Amino acid sequence: MPRDPTPTWTSVTAMGNNATPPPPGPPDHRRPAPSGDPLLAARFAVPAPPEPLVRRPALLAGLTAGARGPLTLVSGPAGAGKTVLAAHWVRLGLAPRATAWLTVEADDAPGVFWAYLIEALDRHGVKLPPGLGRPTRAEGVDRSLLTRLAAGLAEAPECTALVLDQIDRIDQINRNDQINRNDRVGRIDAAYARGIADDLEFVLHHAGGGLRLVLTARTDPLLPLHRYRAAGQIVELRARELRFTPEQAEPLLRAHGLALSAAGLRLLLERTEGWAAGLRLCAPAMREAADPEAFVREFAADRTTIADYLLTEVLAAQPPAAQDLLLRACVAERVHPALADALTGRADAAWTLARLARDNAFLEQLGGSAWYRLHPLFAEVLRAHLRHRCPGLEGELRGRAARWLAGAGQLTEAVTQAAAAADWPLAAGLLIDDLAVGRLFTGLDTQLLRHAFAAMPPEPDGTAPALVAAACRLAELDLDGCAAALRHADARLAEDGTAADPVRRLSRAFLGVLGGRLGHDLAGTRAAAAEARRLLRALPPALRARHPELGAMVPAALGATELGAGRLARAAAELTEAVEACAAPGTEYPLCDALGSLALVELLRGRLRQAAEHARAALAAAERAAIPPGGRAGVDHLVLAGVAAEHDDLRTARAQLALATAGPGGPPPEPAAEVAAAVIACRLATAEGDWAAALGAVRAVRTAGTAGPETADGTDGTDGTDGTDGTGAPARLSGWSVDELAIAESGAHLAHGDPRRALAVLDGPDRPNRLDGLDGLDAVVSDRPEHRVALARALLAAGRREEAAAALAGLAAEPSATATSRAQACLLQAQAAAATGATEQAHRLLREALALARPQQLRRIFAESGPWVRRLLRQDPQLARAHGWLPAPGWGRPSPGGGAAPPVAEPLSERETEVLRQAALLLSTEEIAAALYVSANTVKTHLRSIHRKLSVTRRSEAVRRAQDLGLL
């Protein structure tokens with residue numbers, strides 16, 4: 001609380017009357033300070049702003065707003081632009097009319113400080129009360145003098161603003177560790193600093209609204225700032241507000257003749273963190289550089305004038321103990337007091353770090369935590385200074401930091417510290433022994449960890465370094481390099497025998513799973529997965545719980561490999577297990593990966609609704625986890641393209657396929673996805689009548705890959721299901737993949753009216769009319785239901801109905817046949833019956849085909865079947881109305897009234913058409929809203945409008961009416 005403004009008799013007597021009234025007449029500006037030294041006029045002058053000067057309206061407005069209250073504080077590190085900002089504000093005339101300026105010095109005793117303050121008011125034209133007097137001794141001032149000053153300011157006709165530049169200097173000695181706390185001189189200086197602050201707060205409080213203080217400081221002054229904060233009577237502009245923004249930095253650089261790109265400017269601000277002095281010091285060097293953009297990318301702070309500035313203005317200003325702490329702590333990105341103590345061997349870090357942060361010594365506390373961070377430029381300069389002063393110490397310090405961080409559970413920082421010290425056994429051992437090898441493939445720290453190991457020798461010594469090297473090579477898709485590193489790791493593990501660390505053996509098995517997936521080695525992936533699962537079960541539960549990503553990535557990789565080999569049922573089981581294992585944080589990428597692969601499995605099984613659900617779930621999970629698009633995300637769009645193609649929604653299919661194939665770089669597409677993309681592209685081009693594009697899409701993939709020893713029906717070869725070409729090299733495409741491509745190509749030939757070629761790509765060597773080597777491609781032999789359906793379709797087109805019937809015999813009862821294959825088989829049998837005049841049988845089979853296709857809305861197979869389906873539906877209007885989900889154009893279904901459908905009174909909008917298209921898929925209101933990214937209420941509004949325009953009352957009627965009118 002402020003002290004009583006009325007001095008007691010005792011206090012006045014004890015202090016003595018040291019206030020001497022000024023002589024009559026104009027003030028004598030040659031008046032000496034109480035110490036006897038002349039007053040320095042420069043301390044009263046408003047500094048001239050540097051050139052070029054950037055106007056910062058928001059900060060200037062902050063000062064103006066602050067001057068409406070009693071106290072404004074501008075606090076920031078050296079070179080942050082505090083003095084420049086305050087001087088600019090005064091010189092622009094934004095400050096109150098009666099404004100005085102005083103630059104504070106560190107060695108000002110109380111009497112000297114007040115002598116200068118009163119002189120500053122006088123010189124800047126502030127009317128002081130008559131008989132105010134001046135301090136006459138350095139040690140202190142009479143409280144009566146301060147009382148008269150406060151009263152005079154309170155009674156003045158206008159308020160006075162007083163800028164005290166570098167106010168923190170008054171307590172600089174009090175904060176300086178160079179002074180022994182038990183030393184009498186130190187106690188006196190501390191008392192001086194506290195006394196000046198108390199007296200200043202006394203005057204400010206009792207001047208009422210007559211005084212506005214504007215303070216600039218590197219650290220908070222000793223004033224009771226908390227009181228003013230609680231009362232809402234202070235405006236504070238801190239280091240964060242003083243940082244230059246791109247909009248402020250760009251004109252500053254332009255005034256230096258520099259024009260950086262947006263990326264270059266962003267990088268410069270990242271390096272300097274908007275530090276004003278850093279920008280000004282960089283500008284001349286950039287101007288002299290041949291390539292300013294390259295300077296920003298490559299400049300080293302320790303080789304510029306920035307280093308001189310920071311070492312002189314910041315480091316040298318600290319006492320020796322604080323300098324030592326800063327030099328040792330600079331090796332860490334973040335520093336904790338306990339970590340700093342471990343680096344210095346002392347126990348004073350908590351107090352020193354807190355003081356340095358309070359003093360804006362380019363060290364800031366991270367939020368409300370106990371951790372601190374050095375400004376990156378300052379840290380870079382300190383590291384260079386450390387190498388110069390203490391060669392070899394940096395590596396030792398980084399080793400200490402790595403061990404402390406590992407013990408504190410900060411694994412990523414521990415690994416990067418050990419790697420920066422080139423202690424590869426330690427760095428790799430920390431990662432492998434914590435069972436964290438999966439972090440090199442998934443998680444927020446993946447890129448950081450890969451970068452840390454980028455400098456590791458290609459053939460490091462030791463089991464852990466070899467495992468990390470293998471993981472890094474695998475992440476770079478270098479299968480040969482990965483295999484070589486794994487052989488080295490295997491040799492070391494074999495030397496250990498049964499004593500080999502189970503954690504390291506688990507890491508080895510895990511890498512075998514991922515490598516097997518990338519190499520499409522089904523047998524190798526299965527064996528490695530079995531070993532990984534066995535070792536995972538043997539782990540302590542606490543360790544296993546810390547790494548849920550392993551339990552998710554193993555079945556995800558195995559499931560993807562099973563998918564690539566065409567084992568859809570086994571793939572679905574593994575991928576479902578992977579999805580269920582992704583409930584814990586840190587499994588976001590495996591979740592998206594597994595959902596995408598599972599969606600592709602369901603698409604290939606003809607379960608379109610489930611496929612679309614999984615694909616959308618994968619995209620939503622990727623968005624929630626901020627996983628960048630591209631790579632595996634393309635599979636999700638590919639599945640949605642396939643679903644739309646089967647629904648005969650060509651426009652949506654084409655758009656989704658473009659998203660799937662046009663994303664940014666990532667791992668190369670896996671065979672199953674590559675084949676699916678080619679098949680979908682072929683079907684779309686076929687539907688659009690582009691026969692050449694349809695053939696080109698499948699042949700490009702088919703000729704690039706070679707089938708392994710697996711037969712095209714997806715069963716294992718006789719060599720033991722190793723999934724290779726017989727020499728140990730992985731097969732690019734499995735038999736079922738080649739068969740899928742051949743089926744798509746056959747369909748393209750049929751659409752082009754060439755059943756002979758359609759048969760040639762499917763026919764076996766025992767077929768008499770096989771076209772050997774047609775267009776350089778051998779025919780594919782397979783007993784898969786999908787192949788038999790395609791073969792029957794081609795045989796029917798060639799007029800060979802008996803052979804077609806033989807191909808379809810018993811297919812409906814086969815467990816491996818999908819709903820799509822069964823529906824197609826019924827449809828082909830109906831076609832054959834219709835061709836022979838067995839109309840009743842044809843109608844029965846068509847009804848069976850429609851019943852099989854309806855749950856998944858399989859429109860494509862009907863759209864591709866030809867006019868005979870439309871003829872049968874015309875003969876059975878009731879059947880046509882019961883299946884309003886079928887594609888409308890050209891089908892000729894009668895309207896509900898029996899005549900021509902009346903025209904629409906008002907056309908549907910584009911959004912209403914899109915809502916109706918989704919409604920035709922039998923989606924609920926909520927599902928339509930999710931698909932179109934709108935609210936359910938918006939969908940309901942659109943549906944009401946659609947019903948009105950089409951003159952219907954129900955959604956199903958609206959779909960049928962729109963199809964009859966060709967609106968969908």
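Helix α46 (residues 925-932) packs against helix α47 (residues 936-950) at an angle of about 105°, with the two axes 8 Å apart. Here the axes are lines fitted to C-alpha atoms, for helices over the stretch in contact, and angles run from 0 to 180 degrees between N-to-C directions. Helices (H or I, at least four residues) and strands (E, at least two) are DSSP runs, numbered from the N terminus. The angle makes α46 roughly perpendicular to α47, on a scale where under 35 degrees is roughly parallel, over 145 roughly antiparallel, 65 to 115 roughly perpendicular and the rest oblique. On the α46 side, T925, I928 and A929 meet A936, V939 and K940 of α47, where contact means heavy atoms within 4.5 Å. The residues of this contact split into four nonpolar, one polar and one charged; Ala, Val, Leu, Ile, Met, Phe, Trp, Tyr, Cys and Pro count as nonpolar, Asp, Glu, Lys and Arg as charged, and the others, Gly among them, as polar.

All of this comes from a predicted model, in which local features need pLDDT of at least 70 and side-chain atom pairs count only at pLDDT 80 or more, while totals for chains, interfaces and linings use all residues. Residues are numbered from 1 along each chain as its sequence is written, and side-chain values use heavy atoms, with hydrogens and water left out.

As for confidence, the protein chain averages a pLDDT of 82, and 85% of the residues score at least 70; pLDDT is the predictor's confidence in each residue, from 0 to 100. Two stretches deserve a note. Over residues 173-188 pLDDT stays under 50, and the model has 22 contacts there beyond four places in sequence. Residues 889-902 also stay under 50, with 27 such contacts.

Overall, the protein chain holds 48 helices and nine strands. Of its 968 residues, 52% are buried, meaning under 20% relative accessible area, with exposed over 50% and partly exposed in between (1.4 Å probe, protein chains only). Among contacts between residues at least 6 apart in sequence, 70% join residues at least 24 apart.

Helix α28 (residues 548-564) has 17 residues that, at 1.5 Å a residue, should span 24 Å, and its end C-alpha atoms sit 25 Å apart, which agrees. The expected span is 1.5 Å times one less than the number of residues. Since 16 of the 17 residues of α28 are buried, the helix is largely enclosed by the rest of the structure. Just after α28, G566 takes a positive phi of about 85°.

Leaving aside residues up to four places away in sequence, L846 touches L827, A830, F862, V869, L872, L873 and L879.

The peptide bond from E51 to P52 is cis, with omega near -5°, and P52 falls in the loop between β1 (19-20) and α2 (57-66). E273 has a phi near 55°, a positive value in a residue other than glycine; E273 sits in the loop between α11 (262-272) and α12 (276-288) and counts as buried at 18% relative accessibility. N360 likewise has a positive phi near 55°. The loop holding N360 runs between α17 (349-358) and β8 (363-365), and N360 counts as buried at 17% relative accessibility.
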